[in-house]
Amino acid sequence: MILLNLKSINKIFNEATADEKIALDQINLELKAGDFVTVIGSNGAGKSTMMNMISGALTPDFGSIEIDGKDVTRLPEYKRSHFIGRVFQDPMAGTAPSMTIEENLALAFSRNKSRGLKIGVDKKRKDYFKTSLEMLHLNLENRLNAKVGMLSGGERQALSLLMATFTQPSILLLDEHTAALDPSRAELITKLTKQLVEKDQLTTLMVTHNMQQALDLGNRLIMMDKGQIILEVGEEEKKDLSIAKLMEEFQRIRGEKLTSDRALLSV
Amino acid sequence: MFTAIFGSVEQGIIYAIMALGVYLTFRVLDFPDLTVDGSFVTGAATAATMIVLGYHPAIATLVAIAAGFIAGCITGILHTKGKINPLLSGILMMIALYSINLRIMGLTADNSIGRPNIPLLNAETLFSKFYTWWGSLGIDEAINNFLKSIGVQFVPSTWGTIFLVAIIVIMIKFIVDWFLKTEIGLAIRATGDNKKMIRSFSANTDNLVIIGLGISNALVAFSGALIAQYAKFADIGMGIGMIVIGLASVIIGEAIFGTKTIVRTTIAVIAGAIIYRIVLALALRVDLLDTGDMKLITAAIVIIALILPQYFDKRREKSRKAKRHAERSVAIKKKIKQEANDLA
């Protein structure tokens, strides 16, 4: 079953100015339910733009996006986030700093429900929040009333991850969510990611700068460059992929692309 | 002196409702809403007009609250749907309300469309209705006799006003506290805290901003309606500088009582509004100052309230650093001595 389907997505920034940039160029991507796809590529390859298209923060110039067979291309971000969970690169971005841990979790808990005049954190929910926080092994379950702004970057990112997966979204988008952390914290978050995604069999798209992470996690891998998907690695091939092979492949495709570009120019 | 301070406490409590509204926008939503100067008068004008036209003061007050709510919502729509800068949205609404308020009060005039003020001298107000009931209880005599018996010379003419407004403001405080803990309330707070985040949790931030501004201005208009009935007049100029007064109350309250939790902050804001009125009353008793200087005094109070905490923070940090430095130098000296001893 195809859960997420991107059909020839195009996006140009600063169109018709000197800064014109083709951010996405004919992107086609299909994710089956339960797929965990890692996305790699250099800066400006269009990885984050693609994530923003899926989440609805940006709309494509052309092309369409289907989730669960439904066209969501024009659906605003806040409506799409009913079934899309996100974790951002910046640990500050995914939580509300002046609110407490339990209040943040209550915000995440109401994601797929309509918000009303019910008290956000009642006794029953508090217990549920506690047991959920225990999974993180960061002792946050005993600090439910601490303001999130007081937590460290790693703790905040772990909380963001829990919040994003709290209501089992159809799609989980991770946008370099370990990039801003020190290595030991990044490792912890990577481990948690694996654990949380496996627990609910979440369909996940993860952008990363870290090649090793891209190889360790997920069942598929795509490589992007200059707004295009230049390499797709399926489940079987990915198992015996290495960084060296990946680099080689990258070089090969890039080289070919460059020569073909030159060929075009010379015509 | 006592009468002046007693009066400012009464007024302070009524203005506290307005300050809670300002707290909702400035602090909770992080939206500097200048609609307040207009919506305060809208509340006063609507209540006064309806009372003069013969409606029950309670109904007049409720309609005034609704009018404030609508005004706030329009500011919110200007900002979210019209993509107009928050400050400018508020200013536009404030200036538009000036004409609207004249029109509202004009409904009481036979020979003109607009009207700049309405006296309520002999009209029935919430307060006069309340006094008839309150007077029959005989509480005033009881309290005043008791105070006189223990030697207090100045007693107020009635305790009814302070009792009534205190009950109202306490109720509003509890409602605001409760509201900010509901699912919608949490989402409104998150909107002020981190818009990007709450959008990724399926909240329509546009609607939350509009609702938040509506509720805030409903409180402001409520305060205006009560002040009109308390002072027995509504005037087109009574809202000038209201936003600064609200802000002064919020800042003073927060600086003195802290902002650890919502429950505490709302108390702080109410106390701030009362303290502000008392300070103002005391300042006006200095012969050099005149009622015309009120806005200048307000500006001075806000400036002081903004600068003083910074100054204290800096001093606290300095002394903390000095202490730490002293401890470290002692430790280092000790270590050197120890090493010297070890060598010897």
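**One position and its surroundings**

Author: T75(B) is buried, since 33 other C-beta atoms lie within 10 Å (buried means 20 or more other C-beta atoms within 10 Å of a residue's own, with C-beta atoms placed from the backbone). This is a predicted model, in which local features need pLDDT of at least 70 and side-chain atom pairs count only at pLDDT 80 or more, while totals for chains, interfaces and linings use all residues. Residues are numbered from 1 along each chain as its sequence is written, and chains are lettered from A in the order in which they are written.

T75(B) sits in helix α3 of chain B, residues 57-80 (helices are DSSP runs of H or I, at least four residues, numbered from the N terminus). Leaving aside residues up to four places away in sequence, T75(B) touches D33(B), T35(B), S89(B), G90(B), M93(B) and L213(B), where contact means C-beta atoms, placed from the backbone, within 7 Å.

The unreviewed UniProt entry annotates transmembrane regions in chain B, among them 12-29, 59-80 and 87-106; such annotations may be inferred rather than shown by experiment. Residues 87-106 of chain B are 100% helix and 0% strand, with end C-alpha atoms 29 Å apart, and residues 12-29 of chain B are likewise 100% helix and 0% strand, with end C-alpha atoms 24 Å apart.

Turning to the neighbouring chain, 20 residues of chain B are in contact with 26 residues of chain A. On the side of chain B that touches chain A, α8 (183-193) and α9 (195-199) each supply at least two residues, and the largest share, seven residues, comes from α8(B). The C-alpha atoms of T75(B) and L186(B), 111 residues apart along the chain, are separated by 21 Å.

Methods. Two residues are in contact if their C-beta atoms, placed from the backbone, lie within 7 Å. A residue is buried if 20 or more other C-beta atoms lie within 10 Å of its own, exposed if 12 or fewer, and partly exposed in between; C-beta atoms are placed from the backbone.
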